[in-house]
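Have a look at the sequence and structure first, then read on.

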Amino acid sequence: MYEQDFKNFKNDYVMNMENMFAAVSDLYAEYWNDLFHFAIFENDKESWQSAFDRTHIKYMQDIKIKSAEKVLVLACGRGGFSNIIAQNTKADVLGIDISKSQLSHTKKFKRDNLRFKHHDVMKVDELGETFDAAVFLDAACYLPDKNKALSKISKVLNPGARLLILDWCKKSGLNKIQEELVLHPFMKYWAISGLETEKTYAKNFRNNDFRLINFRDLNDKVRRNWEFGYHCAINAVNQLSISALPRLVWKGMKLGSNGVRLIKEQFPAAVYIKVGYDVGFLRYVYYLVEKI
Ligand SMILES: C[S@@+](CC[C@H](N)C(=O)[O-])C[C@H]1O[C@@H](n2cnc3c(N)ncnc32)[C@H](O)[C@@H]1O
């Protein structure tokens with residue numbers, strides 16, 4: 001039913017990502033600020049700030065930023081985490097993203113060791129630089145070919161470099177109808193052409209000279225993020241007025257009526273994401289790997 005959509009998402013991912021984030025970046029920033037990834041909670045009482053702080057410290061330790069000279073932030077979005085990394089290391093930090101709209105918000109982060117570049121992860125090997133560490137948060141799911149992307153990322157990492165990936169995956173062994181009813185609707189709204197499983201990730205790492213250091217399925221620890229996203233959608237729809245929507249669209253691109261459509265689609269996306277989480281088909285996974 002969605003096959004043609006997914007084919008188009010693979011072929012037109014550059015335009016789709018530019019358009020989608022130009023439409024939705026400010027909408028999400030109203031709730032998530034400049035961090036479009038999940039906080040990992042230790043318990044139900046922990047504050048958001050404390051969970052985000054601890055999550056970020058752990059991620060920086062995982063990739064050993066203290067011993068890195070150059071750090072790559074893949075799909076850096078609005079630059080929030082790149083800025084935190086640059087604040088905590090002497091290393092040179094480069095954030096790349098495919099969305100000009102997302103990158104337009106990085107201008108406020110000014111540090112001598114921090115750079116941002118408009119660049120596609122699928123062409124990361126064309127940067128002409130190599131790195132000692134890399135992070136890739138909440139964005140690999142959008143790529144048209146995850147194995148190919150990992151082969152390119154592998155090329156720009158020095159031996160021993162750590163790569164941390166947090167990604168939205170699907171549960172292994174789902175049948176077609178389960179995928180179609182629960183996952184495909186939200187993938188359609190977010191222009192995602194396919195989701196990986198634990199098995200396919202393991203294969204992709206083996207294919208591309210990565211040694212697995214740690215894997216964790218974090219669904220239990222990120223429940224409050226999924227619920228927060230869902231409640232934001234409920235609140236937003238309660239206060240909705242059609243005249244408020246166009247003001248959210250980035251003015252740097254002409255999206256016309258597509259801009260409003262893309263914003264409106266975030267509501268059903270949030271509903272389906274909640275269902276995907278509640279039924280356990282959608283998984284939030286953590287991979288720490290090392291370049292061989
Ligand atoms: C959910 S946001 C996450 C942003 C950031 N990692 C963070 O944690 O705040 C997903 C990001 O992936 C970017 N993206 C998607 N496909 C990309 C690609 N092929 N190359 C570079 N960036 C990409 C989008 O533009 C968007 O900024």
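## Before we start

This is a predicted model, so a word on what counts: local features need pLDDT of at least 70, side-chain atom pairs count only at pLDDT 80 or more, and totals for chains, interfaces and linings use all residues. Residue numbers start from 1 along each chain, following the sequence as written. Helices (H or I, at least four residues) and strands (E, at least two) are DSSP runs, numbered from the N terminus.

## The sheet

Let's begin with the strands. Seven of them make an open sheet with mixed pairing, in the order β3-β2-β1-β4-β5-β7-β6. Two strands pair if DSSP finds at least two bridges between them. The edges belong to β3 (114–118) and β6 (210–217); each has a single partner strand, so one side of each has no neighbour in the sheet. On average, neighbouring strands here are turned by 15° against each other, direction ignored. For angles in general, axes are lines fitted to C-alpha atoms (for helices, over the stretch in contact), and angles between N-to-C directions run from 0 to 180 degrees.

Now for β4, residues 131–137. It pairs with β5 in the parallel sense over six bridges; Phe136 is partnered by Ile165 in β5, and Phe131 by Leu157. β4 also pairs with β1 (residues 70–74), again in the parallel sense, over four bridges, and Val73 sits opposite Val135 of β4. Seven of the seven residues of β4 are buried, so the strand is largely enclosed by the rest of the structure. A residue is buried if 20 or more other C-beta atoms lie within 10 Å of its own, exposed if 12 or fewer, and partly exposed in between, with C-beta atoms placed from the backbone.

## Around α11

Helix α11 covers residues 266–278. Its 13 residues should span 18 Å at 1.5 Å a residue, and the end C-alpha atoms are 18 Å apart, which agrees. The expected span is 1.5 Å times one less than the number of residues. The buried residues of α11 are Gln266, Ala269, Ala270, Tyr272, Ile273, Gly276 and Tyr277. Their cover includes α2 (13–32), α7, α9 (223–238), α10 (257–264) and β7.

α7 packs against α11 at about 145°, with the axes 9 Å apart, and the crossing is left-handed (the near helix is turned anticlockwise from the far one by less than a right angle; clockwise would be right-handed). In contact terms (C-beta atoms, placed from the backbone, within 7 Å), the α7 side includes Val182, Leu183 and Phe186, while the α11 side includes Tyr272 and Ile273. The contact has ten nonpolar residues, one polar and no charged. Here Ala, Val, Leu, Ile, Met, Phe, Trp, Tyr, Cys and Pro count as nonpolar, Asp, Glu, Lys and Arg as charged, and the others, Gly among them, as polar.

α9 packs on α11 at about 150°, with axes 9 Å apart, and this crossing is left-handed as well. Trp226 and Tyr230 are among the α9 residues involved, and Phe267, Lys274 and Tyr277 are among those from α11. By class, this contact has nine nonpolar, two polar and one charged residues.

## Loops worth a look

Lys171 is in the loop between β5 (157–170) and α7 (176–189). Is this lysine buried or exposed? Lys171 is buried, because 20 other C-beta atoms lie within 10 Å. Leaving out residues up to four places away in sequence, Lys171 touches Gly280, Phe281 and Arg283. The C-alpha atoms of Lys171 and Glu196 are 8.7 Å apart, although 25 residues separate the two along the chain.

Most residues other than glycine have a negative phi. Ala191 has a positive one, about 55°; this alanine lies in the loop between α7 and α8 and is buried, with 22 other C-beta atoms within 10 Å. Asp209 also has a positive phi, near 65°. Asp209 is found in the loop between α8 and β6 and is partly exposed, with 16 other C-beta atoms within 10 Å.

Technical notes: Contact = placed C-beta atoms within 7 Å.
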